[in-house]
Amino acid sequence: MKQLIAANWKMNGMPEWASKVEELHKLASDTPCELLICPPHPLIAALCQASHNTVVHIGGQDCSPDAAGAHTGETDAALLRAMGCAYVIIGHSERRAGGETDEVVQRKAVRAIEIGLRPIICVGESLDQREAGRAETVVKDQLTASLPELGGFDIAYEPIWAIGTGKTATPQDIAEMHQAIYKAVGNGSRILYGGSVKPANAEIILATEHVGGALVGGASLNMESFAQIAHASQGAG
Ligand code: PGA
């Protein structure tokens with residue numbers, strides 16, 4: 001599978017940001033990886049439209065575990081799919097911090113797969129857990145409890161202490177954790193790394209064994225820096 005370089009715009013973006021899709025296409029269509037932008041949900045329609053005739057895929061940042069119905073404020077995976085999304089991020093630590101459990105993450109992933117989306121399921125330990133030597137156990141427990149039995153998903157390993165902090169895990173930390181995740185999930189899933197990925201560190205991260213791509217927050221808001229990360233991709237991952 002090609003490496004997946006995914007932008008998580010989080011709660012950033014305005015209608016005019018739809019033009020960034022074309023901008024990214026121009027800057028990065030010659031890269032060997034797959035490109036994905038996950039904007040805030042109200043921008044999905046505009047970005048999906050802008051992505052026609054480009055190499056850029058569009059995805060959601062979350063979806064409901066339930067089918068359409070009385071769930072105020074939620075987004076149906078089937079709606080994301082119908083709008084033209086290919087992917088959805090699930091279980092990001094910023095959502096888990098709001099109370100999202102492994103069980104809910106698993107239900108969301110199952111729903112997304114059934115509907116034809118490819119979920120990117122996020123896992124990762126806190127700083128306390130890493131310092132206590134429990135990083136691998138915590139991540140394995142999250143995988144056991146939140147992965148669906150069906151195939152057809154990718155994983156994003158995002159150490160919480162590296163998200164938006166400018167700190168990245170060392171290449172050795174990344175290699176060890178990705179190896180452990182790979183052992184647990186096999187080769188049907190790409191294992192993305194996330195947490196302060198930027199042009200300056202992308203090459204070494206993306207060259208690490210079992211790194212199948214990157215989930216990029218802050219550095220994905222600027223298409224030039226996001227494209228530079230894509231250019232650091234190794235192709236297969
Ligand atoms: P960051 O965010 O690149 O800003 O650290 C990554 C993420 O939370 O997905």
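**Close-up views of a predicted model**

View 1. The largest cavity has a volume of about 40 Å³. Its lining consists of Gly91, Ser93, Arg96, Cys122, Val123, Gly124, Gln142, Glu158 and Ile160. Helix H4 (93-96) and strand E5 (118-123) are the elements that give two or more residues to this lining. Sorted by class, the lining of the largest cavity holds three nonpolar, four polar and two charged residues.

**View 2. Glutamine 142 in helix H7.** Glutamine 142, one of the residues that line the largest cavity, is found in helix H7 (residues 135-146). Buried or exposed, how does glutamine 142 count? Its relative accessibility is 12%, and since buried means under 20%, glutamine 142 counts as buried. Apart from neighbours within four places in sequence, glutamine 142 is in contact with Arg96, Asp102, Val123, Gly124 and Leu147.

**View 3. The buried side of helix H2.** In helix H2 (residues 44-51), the buried residues include Ile44, Leu47, Cys48 and Ser51. These residues lie on the same side of H2 because they cover an arc of only 100 degrees around the axis. Just after H2, asparagine 53 takes a positive phi of about 65 degrees.

**View 4. Strand E7, covered on both faces.** In a regular strand the side chains alternate between the two faces of the sheet. In strand E7 (residues 191-194), Ile191 and Tyr193 are on one side and Leu192 and Gly194 on the other, and all are buried. Strand E6 (residues 154-157) pairs with E7 in the parallel sense over three bridges. Tyrosine 157 stands opposite tyrosine 193 in E7.

**View 5. The largest pocket.** The largest pocket holds about 350 Å³ of space. It is lined by 16 residues, and Lys10, Met11, Gln61, Asp62 and Arg95 are the closest to its centre. The lining of the largest pocket divides into five nonpolar, six polar and five charged residues.

**View 6. The second largest pocket.** The volume of the second largest pocket is about 190 Å³. Of the 17 residues that line the second largest pocket, Lys10, Gly164, Ser196, Gly217 and Gly218 lie nearest its centre. By class, this lining has five nonpolar, nine polar and three charged residues. Lys10 is named near the centre of both pockets.

Terms used:
Residues are numbered from 1 along each chain as its sequence is written. This is a predicted model: local features need pLDDT of at least 70, side-chain atom pairs count only at pLDDT 80 or more; totals for chains, interfaces and linings use all residues. Side-chain values use heavy atoms; hydrogens and water are left out. On a 1 Å grid over the protein atoms alone, a cavity is a set of points where a 1.4 Å probe fits but cannot get out, and a pocket is an open set with protein on both sides within 12 Å along at least five of seven lines; lining residues have an atom within 4 Å of a point. Grid points are joined across faces, edges and corners, and a volume is the space filled by probe spheres set on the points. Helices (H or I, at least four residues) and strands (E, at least two) are DSSP runs, numbered from the N terminus. Ala, Val, Leu, Ile, Met, Phe, Trp, Tyr, Cys and Pro count as nonpolar, Asp, Glu, Lys and Arg as charged, and the others, Gly among them, as polar. Buried means under 20% relative accessible area, exposed over 50%, partly exposed in between (1.4 Å probe, protein chains only). The arc is that of the directions from the helix axis to the C-beta atoms. Two strands pair if DSSP finds at least two bridges between them. Contact means heavy atoms within 4.5 Å.
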